[in-house]
Amino acid sequence: MANMTDNIDSVTSDALPVLMIQQVEARRSDLVSRYHKSLRETLFTNRSEVHPSSLRRIAEEEVGALLHFLHSPLPDSHERGMQMCQVGLSEKSVLNLGRATRQFFAGCLESQQVAPALDLVGIYQDAVIQGFIQNREKIVLNEQERIRKAFELTISRFTVEIKEVQALAQRATEANEFKSRFIARISHELRTPLGAILGMSEMLQHNVYGPLTAMQEDIIQRIINNTRSLERLFSEFLDQSLIETGQLNLRRSEFSPQILARMVYSNCLPLALQKGLAMHLQVDSELPPVLIGDSKRIEQVLNNLVVNAIKYTETGSVDVEAFMQHNTHWGLRVRDTGIGISKEAQAYIFEPFRQVDETSERKHDGVGLGLAIVQELVTAMNGKVSVESKIGHGSTFTVTLPLQAAKDSSR
Ligand code: ADP
């Protein structure tokens, strides 16, 4: 750059002789046309931001600037380069103008005049190119700065938004925990009066307070049935709250899988018989007589599956099976001949509050928590629950649990 300025300074007094400039001036329109053509060609081959309608004007300006320089070589050709960059010309366009100029001068000047004229034109064009490059660097730096600022702004906005989302998530977690604690508390409190209603109703039913008429017996039975449904519902709410707050703790004690299966079977048998369903129990003789685990929760799992099997079966049977699996696991299977579950529904019925029939006219009671609780309990015991089913052909739910036999368990 320093050399360039020196060159320009050294030629400031060396304008072309007037005669030569007149020769060039006489063909000014020819030079404008050459520039215009050259710019159009580069525009066609290079992606440029310049609109084609401006090319003629740019060409005229450029010829004007060049002639001005030839009259009195001044360092403002550097400025001209900056302008060319600002209007959006590419570097290739500027270099092409140089080529067009050289050809033009070779064509319109006497051979001995060409060399000094081209020297001067070369100085002009070097300065233009330098100005062009410098301005482009400035544009690039400005653009980098603009991008950096935009990036910083985005990051700071993003940080604010993240903080807001975190605060919202925290509030949602707190609200959810509050809801779970609230439901747990209410469910617990409601179960006590429900127990009292049930106990007193059963005393009435067993004639503790004197004989009942047929109508009174019927009414008491309905009170008991409805109270049991409410009790089941509140137990499910309580369990779901415990699950959501991570308070579902399992106990470990010895129990007999045979007795457990038989107990659930006998408790549910009256329900099945009331609906005219057959019910069978099969217990694998290979099952150890004493296992270790949370028998209350395993009983709850089996009970939920059997109650569902009866609930969703109108004719046929419900079969309960306790089985051994590869000496490492044992399991419980409940097979029914009921309405069955589609493949799509099988994918979501283990989610809380999900039911195949979610319409308000659904004919079965329940809120869709039974299977979700089964899944949570079985998973907490390192077991698995699965379903096989076909619409209209019944369903089979299978639970497998790791076998933990008591040490002195003898067959
Ligand atoms: P619900 O209280 O609705 O019975 P569950 O969580 O126990 O809730 O079951 C979820 C849904 O899965 C039920 O609403 C029902 O649509 C379907 N389902 C569960 N067990 C059976 C079954 N044995 N046969 C057919 N459908 C069943």
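Mentor: The account below begins with the chain as a whole, turns to the aromatic rings, and ends with selected residues in the helices.

The model is predicted, and the chain averages a pLDDT of 88, with 94% of the residues scoring at least 70. Residues 1–12 are an exception to be read with caution: their pLDDT is below 50, although this stretch has 20 contacts in the model beyond near neighbours in sequence. The chain contains twelve helices and seven strands. Its radius of gyration is 47 Å, well over the 22 Å that the globule rule gives for 411 residues, so the chain is more spread out than a compact globule. Along the principal axes, the C-alpha atoms fill a box of roughly 140 × 45 × 45 Å. Of the 411 residues, 39% are buried. Among contacts between residues at least 6 apart in sequence, 75% join residues at least 24 apart.

The structure holds six aromatic pairs, and two of them are described here. In one of these, the ring centres of phenylalanine 69 and tyrosine 124 are 5.1 Å apart and the planes stand at 55°, so the pair is tilted. This pair links distant parts of the chain, since phenylalanine 69 belongs to helix 4 (residues 55–71) and tyrosine 124 to helix 7 (residues 111–205), 55 residues apart. Phenylalanine 69 and tyrosine 124 are both buried.

Another pair consists of phenylalanine 350 and phenylalanine 397, whose ring centres are 6.2 Å apart; their planes are at 65°, so the pair is edge-to-face. Phenylalanine 350 is in the loop between helix 11 (343–346) and helix 12 (370–380), whereas phenylalanine 397 is in strand 7 (residues 395–402), so the pair ties together parts that are 47 residues apart in sequence. Here too, both phenylalanine 350 and phenylalanine 397 are buried.

Aromatic rings also meet charged groups. The charged end of arginine 354 sits over the ring of tyrosine 348, at 4.1 Å from its centre. Arginine 333 lies over the face of phenylalanine 323, 4.3 Å from the ring centre.

Helix 4, which carries phenylalanine 69, also includes histidine 71. With a relative accessibility of 45%, histidine 71 counts as partly exposed. Its contacts, leaving aside neighbours within four places in sequence, are with Ala15, Ile21 and Glu25. Aspartate 14 is 57 residues from histidine 71 along the chain, yet their C-alpha atoms are separated by 8.8 Å.

Leucine 39, in helix 3 (residues 28–45), is buried, with a relative accessible area of 2%. Not counting residues up to four places away in sequence, leucine 39 touches Leu55, Ile58, Ala59, Leu89, Ser93 and Leu97. Ser93 and Leu97 are among the buried residues of helix 6, which also include Val94, Ala100, Phe104 and Phe105. Helix 6 (residues 91–108) has 18 residues and reaches 26 Å from its first C-alpha to its last, close to the 26 Å expected at 1.5 Å a residue. Between leucine 39 and phenylalanine 105 the C-alpha separation is 18 Å, and the two are 66 residues apart in sequence.

Key. Residues numbered from 1 in each chain as written. Predicted model: local features only at pLDDT ≥ 70, side-chain atom pairs only at ≥ 80, totals over all residues. Heavy atoms only, no water. Helix = DSSP H or I, 4+ residues; strand = E, 2+ residues; numbered from the N terminus. Expected span 1.5 Å × (residues − 1). Buried < 20%, exposed > 50% of the residue type's maximum accessible area, 1.4 Å probe, protein only. Phe/Tyr/Trp six-rings, centres within 6.5 Å; stacked < 30°, edge-to-face > 60°. Lys NZ or Arg CZ within 6 Å of the ring centre and 35° of its normal. pLDDT = per-residue confidence, 0-100. Contact = heavy atoms within 4.5 Å. Rg over C-alpha atoms; globule rule 2.2 N^0.38 Å.
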